[in-house]
Amino acid sequence: MIRLGWIRRHGNSVDEGVDRADRTPAASGSRPGEELISVTSKATGDAATRSRLTDLRQALRRFAPRLAGLQGRLILPYVILTMLIAMVGTYVITRLVTSSVRERFTNQLYEASRVAADELVRRERSHLANLRLMSFTEGVAQALEAGDRTVLTALLTPLALNYEVAAVSAVDLDGREVLTLLRDPDTGQMQALQGSDFSDFAPVVNVLQERVDELGDKYSGMMPITNYGAYMFTSAPVHVSGDRLVGVLMVGSRLQDLLVGMKAQALGDMLVLDESGKLMVSTLVEPEEGFAILELTPEEASSLTVPLSREVTLYGRRFQVVYTPMLLRRQQIGELGVALPSSYVVSAEATSRNTFAWLFSAGTGVVIALGYWLAQSIARPIMRLRDMSQAVASGDLEQASGMERPDEIGELASAFDTMTLKLRERTAEAARLYDETVKRNRELAEINQRLQETQQQLIQSEKLAAVGQLTAGIVHDVKNPLAVIKGLAEELKEEPSIPVEARVHLDSIRANAGRASAIVTDLLTFARQSTPAMVQRDICEAVRASLRLTEYLTRKGKVTVVTDLPDTTVLVTYDPQQIEQVLINLINNAVQAMPDGGTLRVTLRQAGEAVAIAIQDTGNGIPPENLSRVFDPFFTTKKEAEGTGLGLSVSYGIVTHHHGRLDVESQVGQGSTFTVLLPVEQESTG
Ligand SMILES: Nc1ncnc2c1ncn2[C@@H]1O[C@H](COP(=O)(O)OP(=O)(O)OP(=O)(O)O)[C@@H](O)[C@H]1O
Ligand SMILES: [Mg+2]
């Protein structure tokens, strides 16, 4: 029961399972029920999975027919691969570019620091040159020794103005400021100031202590001057009469001005920190959170030997700041900082990322378009071949691909064309064979028909032969007594004693005996079936003779005779007497079939090796059921005295002996046609 229900539910695919279930228990010897159930449940699972897969495949086919096709199989993996490569490529190159942009950025900062450091060195050199000039100027040393502020001012102001020095300071041996001349940043005029304390300023202290390092007795340092900001000073000792130190002379530059110049070159904001990491000067506007954010701790400042990079937030933006030690005369006098907004990097990164993304998108587009074109060029001819195959399958054998390509598709197309050509040839051959078969069949049917006719004739001949033998005996026995009767009747009539009435009866006896004898003679002719005496003669003569002999009959029967005979001689080998007898018989029958008169048409035609004589009447015709019997001996529809039923059978026998044929066609009410067919050539016997 399970099995039956199961088969109905799952159809073909399960038949395998059933087969297996049927076979396995017999082989393994396990109980049939168990085996069947286990196999069934496993197969059910398989079938479900399979049907789900089929569903999925069908859904895919429905929704994306092109993707499921050849084009999809070619294009889809190609597109996925191209996009993957494009994405990975964009990522890698963007990363590379980004890192190089960052590197360039950092390098730019280092470069800015270097430019600034160089500028400081240049500035120091110019300080030294100016110091040399000033300290050797006549009267400067003496005025310093004397603490003469007026003379110093008078001597140094023109020099400072002339050499564009921003600051000049003179300090006596006790470290007290004698004079400070500062250039007013607004007016450019030199102003004499007082009030700065240089006693702890390292460049001053070093000179006053007459320290000399490997570079000499000059020192540099930075120092803030009230209301003017920080300055970078270079100090030099001032001596009189050879080597007696009388004070220190310093030339300085305003750091703010220096930084503004550097900023123009470095393209970033500059800042200067003192030795302890405190901010001294900056080109940046002070942020809300103060400059402290840009400063270094004393530890960081003192341990700064290589550039230090740091990111800070100023004005709500990210800045990258690079700190480098500020070295002058091999001494660290502070730290130099260069700051650049990080957005510069970010925007450079974004720009390059966008550029590459665009480039890769365009490249991907081009590659996909190329791939599509390629797939099309492969898939299109294949699809064309598919369409043509379908057309060929549905009977259109005139298909030809017309493709000429040097590749495998070309070979496929050529194979297809060859196949179609062969198919065409085979189909034509099949059609020819079919026609041939039909023709042969028809011939066979004709042969069969002839065979049947021949068989019919054979039967007819046999019938005739049987009747002939029988008749020959009877005729022999009857003919002699008839001759005696006839002879005696004639003799008796000559007897004078015979009364007149008796003579009339004797005439009647003689006539009837004669008549009986004639019938018996006919029968004998029929029975003998004597071999015809063949002569070669014009057959038309026989026809004309027959018509002449029946002229009385036709006239009497009001029958119009129409003849259609050839003008030329038609030589046929035949027995004239016998054939005339046949034709007379046929004409006789025709006239008898037209009791109220009609038309008798006699035609002679030669067709190849045979002649056909047709006797056609417009009489009452022969009913179909009698057609096959008319040639039978003694078959007659006529009254007893009128016909014996031997005419046609005798005629049939004669024609057969001539190796000919006697045919009949008839339509009741319309008439009949009897045709005598005779071969032209016969073995002549006469
Ligand atoms: N032209 C014809 N039209 C119609 N029936 C015919 C024709 N010729 C022959 N028949 C039929 O065939 C029968 C046989 O003819 P057949 O000539 O052998 O004998 P018969 O004419 O009857 O007698 P017989 O010729 O011996 O005097 C006829 O009785 C007649 O029924
Ligand atoms: Mg007859």
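Reader: At the start of α16, which backbone nitrogen does a side-chain oxygen of Asp575 reach?
Author: The model is a predicted one. In it, a side-chain oxygen of Asp575 comes to within 3.1 Å of the backbone nitrogen of Gln577, at the start of α16.

Reader: How many residues does helix α16 have, and what span is expected for it?
Author: Helix α16 covers residues 576–593, with 18 residues. From the first C-alpha to the last it reaches 26 Å, close to the 26 Å expected at 1.5 Å a residue.

Reader: Which residues of α16 are buried?
Author: The buried residues are Pro576, Gln578, Ile579, Val582, Leu583, Asn585, Leu586, Ile587, Ala590, Val591 and Ala593.

Reader: And the largest pocket: how many residues of its lining come from α16?
Author: Eight residues, and that is the largest share of the lining.

Reader: What volume does that pocket have, and which residues are closest to its centre?
Author: The space in the largest pocket is about 1,100 Å³. Its lining consists of 36 residues, and Asn589, Gln592, Thr636, Lys638 and Gly643 are the closest to the centre. Two or more lining residues are given by each of α13 (500–528), α16, α18 (647–657) and β18 (671–679).

Reader: What is the lining like by class?
Author: The lining of the largest pocket has 16 polar, 13 nonpolar and seven charged residues.

Reader: Turning to cavities, how many of 30 Å³ or more does the structure hold?
Author: There is one cavity of 30 Å³ or more. The largest cavity has about 40 Å³ of space, and the residues that line it are Gln457, Tyr652, Val655, Thr656, Gly660, Arg661 and Leu662. The elements giving two or more residues to this lining are α18 and β17 (661–667).

Reader: In which sense does β4 pair with β5, and over how many bridges?
Author: The pairing of β4 with strand β5 (residues 229–240) is antiparallel, over seven bridges. Within it, Pro224 stands opposite Ala230 in β5.

Reader: And which residue of that hairpin takes a positive phi?
Author: Asn227 does, with phi near 70°; the hairpin has three residues between β4 and β5.

Notes: Residues numbered from 1 in each chain as written. Chains lettered and ligands numbered in written order. Predicted model: local features only at pLDDT ≥ 70, side-chain atom pairs only at ≥ 80, totals over all residues. Heavy atoms only, no water. Helix = DSSP H or I, 4+ residues; strand = E, 2+ residues; numbered from the N terminus. Expected span 1.5 Å × (residues − 1). Buried < 20%, exposed > 50% of the residue type's maximum accessible area, 1.4 Å probe, protein only. Polar contact = N/O pair within 3.5 Å; in protein donor to acceptor, adjacent residues only side chain to side chain. Pairing = 2+ DSSP bridges. 1 Å grid on protein atoms, 1.4 Å probe; cavity = no way out; pocket = protein on both sides within 12 Å on 5 of 7 lines; lining within 4 Å. Points joined across faces, edges and corners; volume = space filled by probe spheres on them. Nonpolar A, V, L, I, M, F, W, Y, C, P; charged D, E, K, R; others polar.
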